[in-house]
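User: I would like to go through this structure term by term. Please set each value against its definition.

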Protein chains: 4
Amino acid sequence: MARPRVNKKQDILQAATGLFAAQGFDGTTTLQISKEAGITEPVIYYHFKGKDDLFTRIIITAFAKFFSQMDTLPSKTETEFEKIENLISLHLDIVKEMPDEIYLAVSTCPSRLKDPEGICRRSVREMRRRLKAYLAGCLEKGIRQGEFHSVPLDATVNLLSALLNGLIRQRGLKLKEVKGVKETAVEFCRRSLVKNAFGHR
Amino acid sequence: MARPRVNKKQDILQAATGLFAAQGFDGTTTLQISKEAGITEPVIYYHFKGKDDLFTRIIITAFAKFFSQMDTLPSKTETEFEKIENLISLHLDIVKEMPDEIYLAVSTCPSRLKDPEGICRRSVREMRRRLKAYLAGCLEKGIRQGEFHSVPLDATVNLLSALLNGLIRQRGLKLKEVKGVKETAVEFCRRSLVKNAFGHR
Amino acid sequence: MARPRVNKKQDILQAATGLFAAQGFDGTTTLQISKEAGITEPVIYYHFKGKDDLFTRIIITAFAKFFSQMDTLPSKTETEFEKIENLISLHLDIVKEMPDEIYLAVSTCPSRLKDPEGICRRSVREMRRRLKAYLAGCLEKGIRQGEFHSVPLDATVNLLSALLNGLIRQRGLKLKEVKGVKETAVEFCRRSLVKNAFGHR
Amino acid sequence: MARPRVNKKQDILQAATGLFAAQGFDGTTTLQISKEAGITEPVIYYHFKGKDDLFTRIIITAFAKFFSQMDTLPSKTETEFEKIENLISLHLDIVKEMPDEIYLAVSTCPSRLKDPEGICRRSVREMRRRLKAYLAGCLEKGIRQGEFHSVPLDATVNLLSALLNGLIRQRGLKLKEVKGVKETAVEFCRRSLVKNAFGHR
DNA sequence: CATGAATGAGATTTCATTCAT
DNA sequence: GATGAATGAAATCTCATTCAT
């Protein structure tokens, strides 16, 4: 009878995500968010502490989702490079899955990294920690087992992080895209890392 | 008696660059800039059209400097890979040369890419155009002459751009740095692109 | 306990009208208006788009009131001159009814007539259109029926408009007033327009 | 050899008159005036006390010119109505002679009439004094000598002032003009004032 | 006389946030 | 839970006016 009790909190989050992504955090007003969400401004303050809190929740949720997907990547694979391949895939797929969130993180976080307690800084730190653990694990094992060339560990982790970050940004910012990004990235890394990469393919 | 003839316009630009880099464009007020520059607020408006103009000038100057350095990269080299190596070096060196400008560009531009006439969008477009021309040139020639593997052109240009962007961002954002970034990046690319990369080194 | 439910929007309009009239539009600040209206500055912006909007509303309302009164002037009268008499009366009476509005229109509009889309220009144009229609109607009919001398139509409409405008301004600007303005104006016009004006009175 | 030493003071006055007329006093900045006059801002302050002073001089000069022309109207004429005719002509001709000055006075003075010591108020007062003296003189004599109908003196002076003011405004504001304004005005008044106006013409 | 540069004072406007109901 | 109305605090920008030279 009553209109289906929609989840206003979710409406607000969605509206905010879209607007933040489209106009930037500072460029978006709470009034716009309320209108987009079909509610009035004070409702935002009923559900959230304020505009900053809104942003925080969005970022937390987005990173949590990413981390959770990262956690489900198979830990047992035939080769170590497969794990790296999976990580590349995850990075590129996640953008398709939550484009606004990624765009928001990619476009807004950089200018907020200065605050050491801010959610951006904390999230990025955690992200790096996880990436490093994941990649260092693969590389170390792969090198030990003779699958990979003997590359410097830290610097290569760093490089792969930079590459992944560059790729996710490229896609997140909706810059013009070329075909075969994922395959090319994978092959580029394979040739560089895997011994006898040329014999197999 | 006469106050040292300082160039206030430069002072303002410098103060603005630092503050924008440290706090973001929106997070910086003209009052802060004026104080940092040791002048009063209206002086900003005497020399510049407004806050946006300040930002525009900074970005224009930074990109111009980068482009000019890119233009002086040697166009004749023994191998094509050397050119790519030079480009990587340039990217990593330029950050050291104008850290605030790069940080500003890297942290503020993403959120301003929506405006198709904005200076960020225009600069990034030009940047991509130049990178693409440079890289596509190297790759094509290198492949034709048998120096490089036969990689897909557009996608590899794209990938290298992403990598360079990731590297510059990593450094520009002053994230923790590891040793040997440049060498690692160069070797990573060499192994992936150059035939017989393993025989020589 | 509850503060008397005053209509703040009306308070603002009233305060603005008075101040604009007394000090001119440019000479009046939003702060003054807010103080006069017993509210804080932002309230103005809650109810109106801005200072210009305030002015626009006042002018629109004033002209609308005038036009509406003009529309209620009797269209059937014994003589055509009576209609002109009614118009003169209306002009002089309206000033008493909304002195500030008239003063504002009379004192501020002239300097804003340049903007072809501004409310002043549009209102004055509409005013002239209506005056012309009204007067030309009377004169034409009066001449045709032999009530009036055969005067040139357009030029006389023009002249009567100038006279009415001069009268309304004189009164609107609160310049010193003499007795019998209305009667004198009516008789002046009657003698000039009506045949045998001297026989009857 | 040197460029002919133009009178910069005059240039400034001229520029200011034009700009004030075109954009209003408050809408015109001293910077605009200086540019229009081909000088720099401080030069204005060398020649004048400030922006207000500029306005004052313009108004004083314009009124002085008008008054001086009024003083040269023939004091001996065959009929008293001729004097009124002359006054009407003067009003309409003066606009052609100094359109910007008149436009400025007509459009800007109304909003400045409140200040009893301001130049506008003083000029308008003087204007009214002179008009009244002139018109009252004509009417009184005309009535005494049987040339005019026996109209109420003060009120008719008032009415004629309003008419003249209305006419000058109409023309000064560059509103659309009809043909035969002057003749129509003269005849309108003649019919109303002069006995046997219909026998003669 | 003239100017490039500067400034004090303030104007309009915006916006996140909060009451009172 | 929700809202219409309100506000404190500030931000950007303007401008007449003045120095130092």
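Analyst: The model is predicted, so local features need pLDDT of at least 70 and side-chain atom pairs count only at pLDDT 80 or more, while totals for chains, interfaces and linings use all residues. Residues are numbered from 1 along each chain as its sequence is written, chains are lettered from A and ligands numbered from 1 in the order in which they are written, and side-chain values use heavy atoms, with hydrogens and water left out.

User: How do you know that chain B and chain A are in contact?

Analyst: Contact means heavy atoms within 4.5 Å. On that test, 44 residues of chain B are in contact with 44 residues of chain A. Buried area is the accessible area (1.4 Å probe) that two parts lose on being put together, summed over both. For this pair of chains the value is about 3,800 Å², with 62% of it on carbon and sulfur atoms. In chain B, the residues that lose the most area to chain A are B:Asn158, B:Leu159 and B:Phe188, together 17% of what that side buries.

User: What makes a pair of residues between chain B and chain A a polar contact, and how many are there?

Analyst: The pair needs N or O atoms within 3.5 Å; within protein, one must be able to donate a hydrogen and the other to accept it, and residues adjacent in sequence count only if both atoms are side-chain atoms. Between chain B and chain A, 8 residue pairs meet this, both residues being at pLDDT 80 or more.

User: Which atoms put B:Thr40 in polar contact with DNA strand E?

Analyst: An N or O atom in the side chain of B:Thr40 is 2.5 Å from a phosphate oxygen of DNA strand E, which is inside the cut-off and therefore counts. For A:Lys51, a polar backbone atom is 2.9 Å from a phosphate oxygen.

User: Why is the link between B:Cys109 and B:Cys120 called a disulfide?

Analyst: A disulfide is a pair of cysteine sulfur atoms within 2.5 Å. The S to S distance of B:Cys109 and B:Cys120 is 2.4 Å, so the pair qualifies. The torsion about their S-S bond is about -75 degrees, so this disulfide is left-handed.
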